[in-house]
Amino acid sequence: MTPHMLTRSLDRGATMFLAIVAACGILIPLSNLLLPAGSFFQVPTYLVALWGKYVCYAILALSIDLIWGYCGILSLGHGAFFALGGYAMGMYLMRQIGTRGVYGNPILPDFMVFLNWQKLPWYWYGFDMFWFAALMVLFVPGLLAFCFGWLAFRSRVTGVYLSIITQAMTYALLLGFFRNDFGFGGNNGLTDFKDILGFNVQAEGTRATLFALSCLALIVGFLICRAIVTSKLGKVLIAIRDAESRTRFLGYRVESYKLFVFTVSACMAGVAGALYVPQVGIINPSEFAPGNSIEAVIWVAVGGRGTLAGAALGAVVVNYAKTFFTSGVLAPYWLFMLGALFILVTLLLPKGIVGTFNAWWEPFKAKNGVANEAAEDGVSEPKMAE
Amino acid sequence: MLTKSTHDIAASFSRRGLLAATAGLMLGLASITGAKAADDTIKVGVLHSLSGTMAISETTLKDTILFLIDEQNKKGGVLGKKLEAVVVDPASNWPLFAEKARELITKDKVAVVFGCWTSVSRKSVLPVFKELNNILFYPVQYEGEESERNVFYTGAAPNQQAIPAVDYLMKDEKVKRWVLAGTDYVYPRTTNKILEAYLKSKGVAQEDIMINYTPFGHSDWQTIVADIKKFGSAGKKTAVVSTINGDANVPFYKELGNQGIKAKDIPVVAFSVGEEELAGIDTKPLLGHLAAWNYFQSIKTPANEKFIKEWQAYTKNPKRTTNDPMEAHVIGFNMWVKAVEKVKSTDPDKVIDALPGIEAPNLTGGTSKMLPNHHITKPVFIGEIKGNGQFDVVWKTPSLVPGDAWSKELDGSKDLIGDWVEKKCGNYNVKTNKCLGSGS
Amino acid sequence: MLANLPARLCALALSLFLIAFALPAFAGPFEDAVAKFANDDFSDTDEAIGVVASSGNKLAFPIISALQDGRLMADPDSKKVYVVGADGKSIDAATGEPVASVPDSASAVRLNNRLRRSVDAALGSLTLQSPDLAVRLQAAQSVFKSHEETALEAVDGALAKETNKSVKVALGEARAAILLFKSDATEVEKLEAVATLKARGDQEALALLTGMGDQPASVTKAAASAIGSIQSSLAVWSTVQNAWYGLSLGSVLLLAAIGLAITFGVMGVINMAHGEMVMLGAYTTFVVQEVIRTRYPALFDYSLLIAVPLAFLVSGAIGVLIERSIIRFLYGRPLETLLATWGLSLVLQQAVRTMFGPTNREVGNPSWMSGAFELGQITITYNRLWILCFTLAVFAILLAMLRYTALGLEMRAVTQNRRMAASMGIATSRVDALTFGLGSGIAGIAGVALSQIDNVSPNLGQSYIIDSFMVVVFGGVGNLWGTLVGAFTLGIANKFLEPVAGAVLGKIAILVLIILFIQKRPRGLFALKGRAVEA
Amino acid sequence: MNVMDTRATSAMLYLDGVHVSFDGFHAINNLSLTLAPGEMRAIIGPNGAGKTTMMDIITGKTKPDEGTVLFDGVTDLTRLDETRIAELGIGRKFQKPTVFESQTVEDNLLLALNVDHSVKGTLFWRGSKAESERIEKVLETIRLTDARGRLAGSLSHGQKQWLEIGMLLAQDPKLLLVDEPVAGMTDVETHLTAELLKEINKNHTVMVVEHDMTFVRELGVKVTCLHEGSVLAEGTIDQVSSNERVIEVYLGR
């Protein structure tokens, strides 16, 4: 990213968003670590883990918003990239267990030992090295997205067809990873992690650091997205979203653009997954479930499609609601609430929380004598891809 | 240059939006942290899915714990305090299980948690229980290969279900040829591995064993049932050992019935089909197919009859069935109460140390005992499906079978034992006299 | 025909029972054997069956058939055994004398699978000469299965008197089966037996031939060639069988997808709650059956016929409600419809879970949907066959409706050009609601059929929604024929892949193939071409 | 053959024997047409005559079943996709005005400029003075200078038509295909549009599809009348409009 792009992407809204994320990323871990447990301002460790999870979801939402909000590609399989990133990290964490596994096998993870596997499958090689795993976190989802996108965008699969085949993709991966023969631990997935880069994953310090890192990743992801959408490329993406064939007749190679953002977005989702796994302590094929991907899209819709900060906000709000409603007296009814939330948001807040908020302020803006211009994020109502 | 003022506008609005949102979230945070545990009750966590795919099995277990707590409170509670259930819904979502476990222990400060059904949910919460040092009672039959300090396994280990069932078929039905059919996940995989090794040790040839795995929720069984039929017509008595999971069983049995596979030709013995699962099927065509469990509703003992009566009264449903994992919860719950009363504290460390050796009556007339490996002794029953959706016990083990944490049939684990009393280790290698891995 | 078998057996039992009633009993090992039934020990019961069956006593048949039906009561205290007749009157099993009532302490003698086989074998030789054709056939088949030497005499006797051709064949096969395993049968007899079994040519014949053990060389050789020929013919049949399974799976897919083809294909509405409409249809069937069970048990066989229109109405009405309250606000925004209907599906699932409980509910098969028949060497189950017919009927009716009715015409008009249709006086919003209701109603009907082969649980719909979308997209949106061809293609492809790759890999392969296929034909198998599509 | 080749190489656009059918319907039937460099041609024809399909073929959206389509005398357009054809220098205005409604007028023009259209180029793009000047000039030409900051979606119908023509200008193609530029315009706007097109024609080859006979007459260029996918008549507007078959087609039999 050039300095020029950085300054262009940093308007006041973006700066505010970044400031809040950065403040959370610094203050929450500090309060958790430095203040005495039980004091009013101390954030308990379980909340750090919980919010760490939300931040990872926010990154995933950001990645979906980049392609859906700005380019009109509705992927119902983004959970797959998230999960693949998670698996890459999970494989590293599994290899770190070493002889501390229940069978004490220095090479083979426990699930391989008890299924009588004799040697490590080739695709597990290299995952004992962090740099390799970190590379794979980006590379595997990126490669899958590239191959998938190359096929799909070149043959101009669009709209619902694309959505449905992305769903088919994640569903196929779900079935595959469920198979124990695939060598990824089947339904139980990868779990019982011990440490990451030598630090105990369950230690408070590690959790706090992971939380801060997740916030950092959110910041970097946000900056990348902003840089993309505020560049001329961002304008081309919106042009593709609104009138794909018009863009093509202007001489833009639409498939390359789509492929580019799709791949970038998949890599971001992979990073989100990689940060998610050490914080929740398990990665399992159910992350590939089509329902998860649909839910992630809903976060974006709730927060505001085409508003990057909104997407992140949506992820946090919906997941917080989920956490809140699944406990206590409301537990049996939480699906009613969640379902109703989705219906009401699409009916009453088609622009999502942030989009509606922006639209609400529009008259105010006009009154203050500012030229009535459209901003990339959110003021304009995105036309749905068909 | 083109949008120089645009962002400023958007900025001021999204900033306000964000501020409002952040304020909302902070309030939310405060509301979570603000919750305080009341001191005059003992909190018991209930961690069973009430929605999603596993709700079908787990909801009953939630009700069971609520029922047991209710009964216990009628007797005056524990240590003079009332028990209070804290119910959460992990929604059949494995990461959510871990999150909810953490919430129960940290926020609600529960003394013990009863929960989980699938292996993966147990695996998901395991690190949480270890880290926060709390107690989980796990009531479902499972693949074994685990003995953790913080977990008490009240369901059957493979040697308390699978192996006795195979023994029965071998002896009584003279079965020579075996189909091991299961859903592709770790419990069937491990059980079938164990059974395969066991069968081979009994002289069954490789070509007389057919292993088949299907995905979760598999609904089209035509091909597989036809394959079983084909496999079964090789001139040797054939049986199917089914580790097919919950939802897929109904279409499986429907297909068996329709393709005319009678129990007297090819019996099916199942480890995951209980009274609840049968409630969804017309059982007349299934007469004679088998299930192996440590409890059946139809077992006539005073304890069981009393339990069923009270349970049906509690749920206000005179037809409500009982099943094996429910009995496991009953035993586990009573063991926990006894242990707490023994050490006069709900402190997890003390209770964990007190639990091994605790005995509690099971509903089938015996007394189950918590073993040092955190598994319990259980009787094994083989039941035949009857026309009314119940089971008729055709065989049972002469005495209670102690649960093995580590299977003797598998290479990786044959030298391992779990012993939390003397060795303080869940995976102790008796050959090398070492506690493996991080188990201590 | 076989369906009445139990009734016929009862009648037969009753008649024999009346004969037995008239005869005085005599002492001997028979009584000792009968007393063993009271021991509640499977080995003792087994022994008793053998002795009673071969005793020649007239009471043997009533006792053993009563044992089979759970009407043989034993009192563990007095060791007395009673036969309860189908008419409720009881006799003492040992003496045949009538008793006023069976004591309360008596309970039905229990059976397990081994004993059921013994009972079948015993009954088989006892009923070989029954006046009833179906019973004789059944008996011959039981003897074939058990092929015990002791039955040979009875089979020969029956064979001499038998006039019916099919029973004769069955008896001949039973005889062959016995001879094949009889150690002192002559080589000629055995060779004949092998030939008979080869002619039978099915799995069971194959089983007997492969499991016959040590035999003279010539017999072994003949058997080997018979096995070879049976196996090769079975291989051909197994292809046919796979094709049938494929058709059957295809019909299930089609049934689940057909409603979606309307809401998604014709209206362009992505209805993620489609699966829940199917589920509601299944639950309607459950409710109908519950009412019938408690109030009008005689109507059980008609339960599905009653459920079909009701399910259509229930799901259809809910569909109209959904369209009016949610979807109509979202036209032209297909992806948002997706999200709203996803939320709706969560609500509907949880609503059903709250109302009916989370566990499976039992939906029974009416008698005409139970069982199977043999066609050549393949088994065709009635429920699958009826579902296939039903699916095709629904498809044909739907097609006819779209083509020939006023609503169908209006639907097509609105689909093609909403504004034009509106300006011509068609109430487009009414048509939208009805179209959506129709799609949902058909999903409800699908639920009735699926309740016959799958779980009736709140999760029912979830398992079909992805497959349904695949079918519609594969077939080509907006084309019902495409959906038909898509469903059967996927069904058959799946069933031919499954034996090779296994169920899981087969399914993955199908998904990958769909993904690749969509690259080749981005708008499905039967895509509309031309400008209209792009507009 | 030789004669045809010479014709081909000198023409800006050359169509010969082109056929297209959709599900058995012959949308284009043995269509042959030649456009000389610098020429402006008006295409008329009743609905369904194949005008838009012809444009689809030229711009690569539809592939012909058979026939030759050559651009600039040498390039076979049937082998190329839309992007490549646009890069070669064929611009198109759609029948229904298609602008990027959620972006500003200025951004619309910026997107249309024929500068680097690669992913990398747009990602690291920084505005240049030359670009601004060109946009400025186009804005003036299409009389939208005052509306530069407005969302294209908020423009009037006529303004959108102009914006789209403006985008063609910014694209600066060799050949402009203009589909019904004055549909829905007032008489004044129609007149201005005709002037605009004549102005454009000074530097570009233009093909205009239009129903509005007054407008076509005002353009005063050679007219081709299509019917059922092939050329029915060709000549000046007077010649064509007095052609009996044309009258028959337009007025019905």
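Two strands count as paired here if DSSP finds at least two bridges between them. Keep that in mind for the opening topic. One caution before we start: this is a predicted model.

Let's take chain D. Strand β1, residues 13-22, and strand β4, residues 66-71, are antiparallel partners, with 5 bridges. One position to look at: Asp16(D) has Thr68(D) in β4(D) as its bridge partner.

Now the whole sheet. It is open, has 4 strands, and the order in chain D is β2-β1-β4-β5. The pairing is antiparallel. Which strands stand at the edges? β2, residues 25-35, and β5, residues 75-76, of chain D. Each has a single partner strand, so one side of each lacks a neighbour in the sheet.

A helix goes with this sheet. Helix α2 of chain D, residues 51-58, lies across β1, β2 and β4 of that chain. Against β2(D), the helix runs at about 65°.

Staying in chain D, on to a helix pair. Helix α4 covers residues 105-112, and helix α7 covers residues 157-171. Their axes come within 7 Å and cross at roughly 35°. The crossing of α4(D) past α7(D) is right-handed. Who makes the contact? From α4(D), Val105(D), Asn108(D), Leu109(D) and Ala112(D). From α7(D), Leu163(D), Gly166(D), Met167(D), Ala170(D) and Gln171(D). By class, that contact of α4(D) with α7(D) has 6 nonpolar residues, 3 polar and no charged.

Next, a helix pair in chain C. Helix α7, residues 152-161, packs on helix α8, residues 165-181, at about 155°. Their axes are 10 Å apart. Angles over 145 degrees count as roughly antiparallel, and α7(C) and α8(C) are therefore roughly antiparallel to each other. Here α7(C) passes α8(C) in a left-handed crossing. On the α7(C) side, the contact uses Leu152(C), Val155(C), Ala158(C) and Leu159(C). On the α8(C) side, Lys168(C), Leu171(C), Gly172(C), Ala174(C), Arg175(C) and Ile178(C) take part. The classes for α7(C) with α8(C): 7 nonpolar, 1 polar and 2 charged residues.

Last, chain B and its domains. Domain 1 is 41-156 + 301-378, and domain 2 is 162-270. How far apart are the C-alpha centres of domain 1 and domain 2 of chain B? They lie 31 Å apart. In chain B, 7 residues of domain 1 are in contact with 6 residues of domain 2. On the domain 1 side of that contact in chain B, 2 residues are nonpolar, 3 polar and 2 charged.

Conventions: Residues are numbered from 1 along each chain as its sequence is written. Chains are lettered from A and ligands numbered from 1 in the order in which they are written. This is a predicted model: local features need pLDDT of at least 70, side-chain atom pairs count only at pLDDT 80 or more; totals for chains, interfaces and linings use all residues. Helices (H or I, at least four residues) and strands (E, at least two) are DSSP runs, numbered from the N terminus. Two residues are in contact if their C-beta atoms, placed from the backbone, lie within 7 Å. Axes are lines fitted to C-alpha atoms, for helices over the stretch in contact, and angles run from 0 to 180 degrees between N-to-C directions. Angles under 35 degrees count as roughly parallel, over 145 as roughly antiparallel, 65 to 115 as roughly perpendicular and the rest as oblique. A crossing is left-handed if the near helix is turned anticlockwise from the far one by less than a right angle, and right-handed if clockwise. Ala, Val, Leu, Ile, Met, Phe, Trp, Tyr, Cys and Pro count as nonpolar, Asp, Glu, Lys and Arg as charged, and the others, Gly among them, as polar. Domain bounds come from an automatic or database domain assignment.
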